[in-house]
Amino acid sequence: MSSVNSKMASGAFLMVALRFCIRTLSVVSTLILVRILVPDDFGLVALAMSFLAMLELATAFSFDVPLIQNPSASKSHFDSAWTMNVAMYTVLSVAVVLLAPAVGRFFDEDRLPPVLTVLAIGFWVSGFENIYTVQFRKQLNFKADVILMGSKKLIAFVVTIGLALNLRSYWALVIGTVTSNISGVVLSYIAHQSRPALSVARAREMLQFSKWLMLNNAIAYLRNRSPDIIIGRLFGTQSLGYFTVANELAMLPSTELIAPLNRAVFPGYAKLSGSNQELEASFLNTVGLIALLAVPAGAGLAAVSMPLTTFVLGSQWATSAPLIESLALAGAVTAILANNSSMYYAIGKPHIITVLGVVYVTLLLSLSLILARRVGLQGIADAYLVTAAVFAPFSMAILARIAGFSLRAMLSRIASPVVCGLTMYLLVSSASIASLVGGFPVGVQLLSLVLLGVVTYVGLIALIWLLRGKPDSAERLALEFGRARLRRG
C-alpha cells in the first residue's frame with residue numbers, strides 16, 4: 001500500500017471515529033430538543049433553512065474543491081477564494097432580508113420573515129471563515145479538521161440546549177444556528193495562523209473550474225431541500241417537522257459515517273489521479289468500507305424504527321416512525337454511491353456528476369409529487385427509497401465505464417454487506433413485530449433488537465469472509481485497524 005493510500009486509510013478511520021463522537025453530541029442535542037419543542041418548531045426552521053439554501057446556491061462554488069484538486073494552489077488562489085466568498089455571502093444575505101416578507105406570504109406563515117432575517121445574519125458572518133483551513137484536508141491533516149468541526153458543534157450544542165430550556169420556542173434552533181456560524185468563523189482563525197487578504201487575481205481561473213460545482217450544488221439542493229418545499233406547501237410546518245426529524249435520524253449512516261470518509265479520501269484521490277491502478281485500488285477499498293459501515297447502520301435503523309421512535313423521541317413523534325424506515329433504507333443505498341462524486345472531482349470530470357444529478361433529481365421529484373398526492377407524507381419518503389434503488393446500479397455502471405474501473409470488482413466489494421444487511425433487516429423487522437405483539441417494555445424491545453442485529457450482521461459478515469478465504473477487503477482493513485488500535489491502547 002502506497003504512503004498516500006496508507007494515510008487515506010488511517011485518515012478515513014480517524015475521521016469516522018472522531019466524527020462519530022461529534023455526531024453523538026448532535027444526536028443527543030436532537031433527542032433533548034424533541035422532548036422540549038414541538039414538531040411545528042422544527043418544521044418552521046426547516047422551511048426557513050430550505051429557502052436560505054435556495055439563495056445560497058448563488059454562492060455554491062465550493063472553492064475548497066479546486067484548492068485541494070490543484071497541487072500548485074498559491075496564496076493568491078486562497079485569497080481570491082476568500083474574497084469571492086465574502087462578496088457573495090454579503091449580497092445573498094441582503095437578498096434574504098429583502099425577500100423575507102414575500103416568502104412569509106407565499107407559505108402563509110407570519111413567523112418566517114423574522115426567522116429568515118436572523119438566519120441571514122449568521123449566513124453573512126459565515127462567509128468570512130478562514131479559507132486556509134482547507135489546508136488541513138489538502139495536507140491530509142484530518143485530526144485538526146475534525147477538532148475544528150467538533151469545537152463548533154460543542155458550542156452550538158451548549159447554546160441551543162440552554163436556550164431551548166429557557167425559551168421553549170423555535171428561537172432556540174434559530175439562535176443556535178447563528179451561534180454555530182459565528183463560532184465557526186472565530187475558531188477558523190484560531191485553528192490556522194495564515195490570514196486571507198482581499199484579492200481577485202485568480203478569480204476567473206477558479207470560477208472556470210467551480211462552475212460545474214455550482215451546478216452540482218444546485219442539483220444537491222433540489223435533491224435535499226425541494227421535498228421540504230413540497231411538504232411545507234402541501235401539508236404545513238407540522239408535517240414538515242415530522243419529516244425533518246425523521247430524515248435527520250434516518251440519514252445518519254450517510255451524513256455522519258460516510259461524509260467524513262469522503263472528506264478524508266478526496267485529497268488522496270487527487271494525489272493518486274495520475275496512477276489509475278492505485279486509484280482503483282483505493283476506490284475499491286473505500287467503497288467496501290462504506291458498504292461495510294453504512295448498509296448495516298441504515299438497515300438496522302429501518303428495522304427498529306417503531307420502537308426507536310417511541311422510546312427515544314416519544315409517542316408524539318409516532319408519525320415519524322414509518323418515515324424513518326423508508327428514509328433509512330434509502331440512505332443506506334445512496335451512501336454507497338456518495339464516494340463517486342469525490343472520484344469524478346479527482347479525475348477532473350465534475351460534469352458527469354451534473355448529468356447524473358439531473359437524472360436522479362428528475363426521478364425523485366417526479367415520484368415525490370405523484371406519491372405525495374396519492375399517499376401523503378409517507379409518499380415522499382417512499383419516493384426517496386424507490387429512486388435510490390433504481391438509480392444505484394445505473395450510477396455504478398457509469399462510474400466503472402468513465403473511470404475505467406472493473407464493475408465486477410465494485411460489485412464484489414459491496415455484495416457481502418448488502419446480503420448480510422438485508423438478511424439482518426428482515427430478521428430484526430420480524431422480531432420487532434413479534435415483540436410489539438408480545439407487549440414487552442419498549443426499552444427492552446429496542447435493546448434486544450439492536451443486539452440481535454449486531455450479532456446477526458457481524459456473524460454473517462465474518463462467516464462469509466472466512467469462507468471466501470480471508471480476501472484483501474474492507475473486512476481485513478477494519479480488522480487490521482482494530483488490532484493496531486488495541487496494541488496502541
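## Overall composition

The chain of this predicted model has 20 helices and zero strands. Of its 489 residues, 53% are buried. Among the contacts in the chain with a separation of 6 or more, 84% are made by residues 24 or more positions apart.

## Helices α14 and α15

Two packed helices are described by the angle between their axes and the distance between the axes. Helix α14 covers residues 320–337 and helix α15 covers residues 339–346. Their packing angle is about 20°, and their axes are 4 Å apart. Angles under 35 degrees count as roughly parallel, and α14 is therefore roughly parallel to α15. On the side of α14, the contact involves Ala-335, Ile-336 and Leu-337; on the side of α15, it involves Asn-339, Asn-340 and Ser-341.

Helix α15 is largely enclosed by the rest of the structure, because seven of its eight residues are buried. The buried residues are Asn-339, Asn-340, Ser-342, Met-343, Tyr-344, Tyr-345 and Ala-346. After α15 comes Gly-348, which has a positive phi near 75°.

## Helix α16

Helix α16 runs over residues 350–375 and has 26 residues. From its first C-alpha to its last, α16 reaches 36 Å, which is close to the 38 Å expected at 1.5 Å a residue. Following α16 is Gly-376, whose phi is positive and near 100°.

The buried residues in α16 include Pro-350, Ile-352, Ile-353, Thr-354, Leu-356 and Gly-357. Also buried in this helix are Tyr-360, Val-361, Leu-364, Leu-367, Ser-368 and Ala-372. An α-helix has 3.6 residues a turn, so residues three or four places apart point the same way. The reader may follow this spacing along the buried residues Ile-353, Leu-356, Tyr-360, Leu-364, Leu-367 and Ser-368.

## Serine residues within helices

Which residues does Ser-305 contact, leaving aside its neighbours within four places in sequence? They are Ala-321, Ile-324 and Glu-325. Ser-305 itself is located in helix α13, which comprises residues 305–313. Its relative accessibility is 5%, and Ser-305 therefore counts as buried. A polar atom of the Ser-305 side chain lies 3.5 Å from the backbone oxygen of Ala-321. The C-alpha atom of Ser-305 is also separated by 9.5 Å from that of Ser-326, a residue 21 positions away along the chain.

Ser-188 belongs to helix α8, residues 171–191. With a relative accessibility of 1%, Ser-188 is buried. Apart from residues up to four places away in sequence, Ser-188 touches Glu-129, Asn-130, Thr-133 and Leu-148. Ser-429 is in helix α18, residues 407–438, and is buried at 14% relative accessibility. A polar atom of the Ser-429 side chain is 2.8 Å from the backbone oxygen of Tyr-425.

## Ala-95 in helix α4

Ala-95 is situated in helix α4. Is Ala-95 buried or partly exposed? Buried means under 20% relative accessible area; at 23% relative accessibility, Ala-95 therefore counts as partly exposed. In sequence, Ala-95 and Ala-120 are 25 residues apart, while their C-alpha atoms are 8.9 Å apart in space.

## Positive phi in two loops

Most residues other than glycine have a negative phi. Asp-108 has a positive phi, near 50°. This residue is in the loop between α4 (75–106) and α5 (112–126). Asp-108 has a relative accessible area of 70% and is therefore exposed.

Lys-470 also has a positive phi, near 55°, and is a residue other than glycine. The loop that holds Lys-470 lies between α19 (442–467) and α20 (474–488). The relative accessibility of Lys-470 is 44%, so this residue counts as partly exposed.

How values were computed: Residues numbered from 1 in each chain as written. Predicted model: local features only at pLDDT ≥ 70, side-chain atom pairs only at ≥ 80, totals over all residues. Heavy atoms only, no water. Axes fitted to C-alpha atoms, helices over the stretch in contact; angles between N-to-C directions. Parallel < 35°, antiparallel > 145°, perpendicular 65-115°, else oblique. Contact = heavy atoms within 4.5 Å. Buried < 20%, exposed > 50% of the residue type's maximum accessible area, 1.4 Å probe, protein only. Polar contact = N/O pair within 3.5 Å; in protein donor to acceptor, adjacent residues only side chain to side chain. Expected span 1.5 Å × (residues − 1).
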